Amino acid sequence: MGGAEGPGHPNGHANGAVVEEKLDELRRQLGKADGDPLRIVGVGAGAWGSVFCALLQDAYGHLRDKAQVRIWRRPGRAVDRATAEHLFEVINAREDVLRRLIRRCAYLKYVEARLGDRTLYADEILRDGFCLNMIDTPLCPLKVVTNLQEAVWDADIVVNGLPSTDTREVFGEIGRYWNERITAPIIISLAKGIEASLDPLPRIITPTQMISNATGVPLENILYLGGPNIASEIYNKEYANARICGADKWRKPLAKFLRQPHFIVWDNSDLITHEVMGGLKNVYAIGAGMVAALTNESATSKSVYFALCTSEMIYITHLLEEEPEKLAGPLLADTYVTLLKGRNAWYGQKLAKGELTLEMGDSIKGKGTIQGVSAVDAFYELLSQDSLSVMHPEANRSVAPVEMCPILKALHRILIKRDRPADSILQAIRDETMYDPRERIEMAQGHSLYRPSLLGQPKGDVKA
């Protein structure tokens with residue numbers, strides 16, 4: 001496997017020995033014997049999942065006796081003719097990629113696909129370093145496995161690169177393969193999304209909780225990694241940072257292991273809340289894309305929307321977190337980059353322009369799953385529950401929390417109920433009766449809104 005060809009290979013670092021020392025340290029902590037490689041497996045090959053595995057392959061893949069990086073994706077996904085033609089252009093525009101494919105005797109199949117003489121498949125091109133959701137950014141070659149059991153049965157570290165909507169099903173299958181395991185693996189989840197559970201009490205279910213429930217792996221072995229970043233830019237060595245969140249046992253060792261000169265990984269103990277915030281910003285990113293398209297990129301309209309949506313996000317964090325102020329920086333940073341270049345904002349733009357329709361679903365060719373759609377439904381459903389009622393500042397009566405979130409309500413009608421057109425988002429932000437968003441923030445800060453049951457824990461519990 002050609003890990004040495006990626007841009008992040010340690011030969012390009014000031015001291016490649018440091019990389020091997022980091023790997024040796026993690027191997028010792030995991031109790032790995034000499035000659036037994038650390039097995040890292042990515043599950044799901046979207047843009048971020050593929051880039052994450054490629055970063056690890058670039059950094060550690062040359063140490064083949066000590067580390068093995070693989071990625072699983074479903075087989076059989078054909079690459080259409082238009083994508084094959086574009087891929088051929090990408091290959092020929094990059095001399096290093098062109099030479100690599102010729103050296104691996106892999107170039108001819110791309111010529112044939114360009115001419116329409118053969119069909120390429122997503123798992124096939126991923127082996128050569130091309131992610132179907134990110135064709136314009138060639139990666140290093142990856143070892144791809146299409147049999148899920150073969151991929152995960154002996155894995156030491158599993159990276160969840162699946163959409164949150166697929167996580168429960170796939171890890172349910174993985175759990176069956178792990179029934180006889182003696183030691184639990186470490187799982188790093190990249191998924192940003194939530195589900196709603198209403199029985200017996202309204203609560204949020206996150207991907208890490210789905211994984212734990214499906215596999216029996218204790219939550220202390222499951223971590224979430226997220227941050228304000230765009231996958232293609234990280235692989236192209238744009239400086240970025242992220243947080244890995246979870247229990248003390250593994251988050252600091254993993255933060256050190258994952259850190260690279262251009263990709264700084266911090267650590268935090270607050271797993272569930274950071275994970276929920278990663279899903280929340282996707283909700284409002286879709287609306288931002290709609291507003292941008294409907295107003296011809298009006299800076300004024302976008303700033304009005306940003307003020308309103310951030311006040312709603314702050315309000316919601318006060319429901320979820322006893323000390324929400326500490327989340328303000330990470331949440332706003334993640335929201336900002338998503339509004340600038342994320343797929344959820346892109347999706348909102350395309351819907352508003354009529355270039356996509358809701359009937360096409362939320363899995364879009366070349367982009368993957370738009371996770372903000374399911375998050376809109378989940379947050380709306382949760383915050384509509386009367387059992388979570390709050391005092392309305394003007395009506396002076398108890399209302400469900402969603403009544404304090406007009407943008408969330410508008411997005412639900414557009415995306416889920418589908419009884420309003422995309423341009424109704426403008427009505428939500430131009431309502432003359434709407435009060436100053438500052439008042440929503442002051443109300444959140446001045447009242448005891450915290451509902452620990454939303455994250456499935458009694459008040460006073462320490463978060464996982």
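The stops that follow concern a predicted model.

**The sheet as a whole**

Begin by selecting the strands in the order E3-E2-E1-E4-E5-E8-E9-E10; these 8 strands form an open sheet with mixed pairing. Strand E3 (143–145) and strand E10 (263–268) stand at the edges, and because each has a single partner strand, one side of each lacks a neighbour in the sheet. From one strand to the next, the twist averages 25°.

**Strands E1 and E2**

Next, select residues 38–43 (strand E1) and residues 67–72 (strand E2), which pair in the parallel sense over 6 bridges. Within this pairing, Val41 has Arg70 of E2 as its bridge partner. In general, the strands of a sheet pair through backbone hydrogen bonds, either parallel or antiparallel.

Proceed to residues 186–189, strand E5, and display the side chains. Ile186 and Ile188 point one way, Ile187 and Ser189 point the other way, and all are buried.

Select residues 164–177, helix H8. Together with E4 and E5, helix H8 makes a right-handed β-α-β unit. Helix H8 lies across E1, E2, E4 and E5, and runs at about 160° to E4. Helix H11 (residues 248–258) also packs on the sheet, where H11 touches E1, E4, E5, E8, strand E9 (240–245) and E10; the direction of H11 makes about 175° with that of E10.

**Ser164**

Now centre the view on Ser164 in helix H8. Is Ser164 buried or exposed? Its relative accessibility is 2%, so Ser164 counts as buried. Beyond its neighbours within four places in sequence, the contacts of Ser164 are Ala191, Lys192, Gly193, Ile194, Pro207, Met210, Gln371 and Ser374.

**The annotated span**

Finally, select residues 142–244, which UniProt lists, in an unreviewed entry, as "domain: Glycerol-3-phosphate dehydrogenase NAD-dependent N-terminal". This span is 32% helix and 26% strand, and its end C-alpha atoms lie 24 Å apart.

Conventions. Residues numbered from 1 in each chain as written. Predicted model: local features only at pLDDT ≥ 70, side-chain atom pairs only at ≥ 80, totals over all residues. Heavy atoms only, no water. Buried < 20%, exposed > 50% of the residue type's maximum accessible area, 1.4 Å probe, protein only. Helix = DSSP H or I, 4+ residues; strand = E, 2+ residues; numbered from the N terminus. Right-handed = clockwise from strand over helix to strand, strands pointing away. UniProt positions renumbered as here; feature names shortened; annotations may be inferred. Contact = heavy atoms within 4.5 Å. Pairing = 2+ DSSP bridges. Axes fitted to C-alpha atoms, helices over the stretch in contact; angles between N-to-C directions.
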